Amino acid sequence: TMANPLRAEVVRLYKNVCFSSRAAPQLLYLGREYPKGADYFRDRLRAAFTKNKCVQDPEKIKEMIARGEFVARELEALYYLRKYRAMKKRYYEE
């Protein structure tokens with residue numbers, strides 16, 4: 001199994017991505033608007049974490065945590081961009 005501090009980091013990342021919290025982006029909620037649907041989003045998220053559950057190397061785990069955090073921020077940014085474009089389209093003529 002993973003070293004305890006890294007395991008806690010992985011669990012935190014998964015929960016922050018999956019479940020809404022005041023400190024974390026509410027990506028599961030935003031996942032409802034995911035083009036292929038919330039179920040698809042949740043299943044892919046779970047599969048991504050499950051695929052790497054056997055990794056033991058602490059450096060590799062840290063890399064994957066950093067990658068997961070990056071993907072979460074990018075997805076959040078894409079949703080905000082989509083929201084911004086919809087608002088702009090609604091209120092401004094081009």
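**Exercise 1.** Locate D39 and R42 in the fold, then state how they pair.

*Solution.* Both residues sit in helix α3 (residues 38–51). Three residues, about one turn of the helix, separate them. Helices here are DSSP runs of H or I with at least four residues, strands are runs of E with at least two, and numbering starts at the N terminus. The model is predicted: local features need pLDDT of at least 70, side-chain atom pairs need pLDDT 80 or more, and totals for chains, interfaces and linings use all residues. Residues count from 1 along each chain as its sequence is written, and side-chain values use heavy atoms, without hydrogens and water.

Next, the pairing. D39 and R42 form a salt bridge, with the closest N and O atoms 3.1 Å apart. The criterion is a side-chain nitrogen of Lys or Arg within 4 Å of a carboxyl oxygen of Asp or Glu.

D39 is partly exposed because its relative accessibility is 48%. R42 is partly exposed at 29%. The class lies between buried (under 20% relative accessible area) and exposed (over 50%), using a 1.4 Å probe and protein chains only.

**Exercise 2.** How many salt bridges does the whole structure hold?

*Solution.* The search finds two. One of them links K62 to E59, with closest N and O atoms 3.8 Å apart. Both residues lie in helix α4, three residues apart. K62 is partly exposed at 44%, and E59 is partly exposed at 48%.

**Exercise 3.** Describe the secondary structure and burial of the protein chain.

*Solution.* The chain has four helices and zero strands. From the N terminus, the order is α-α-α-α. Of its 94 residues, 19% are buried.
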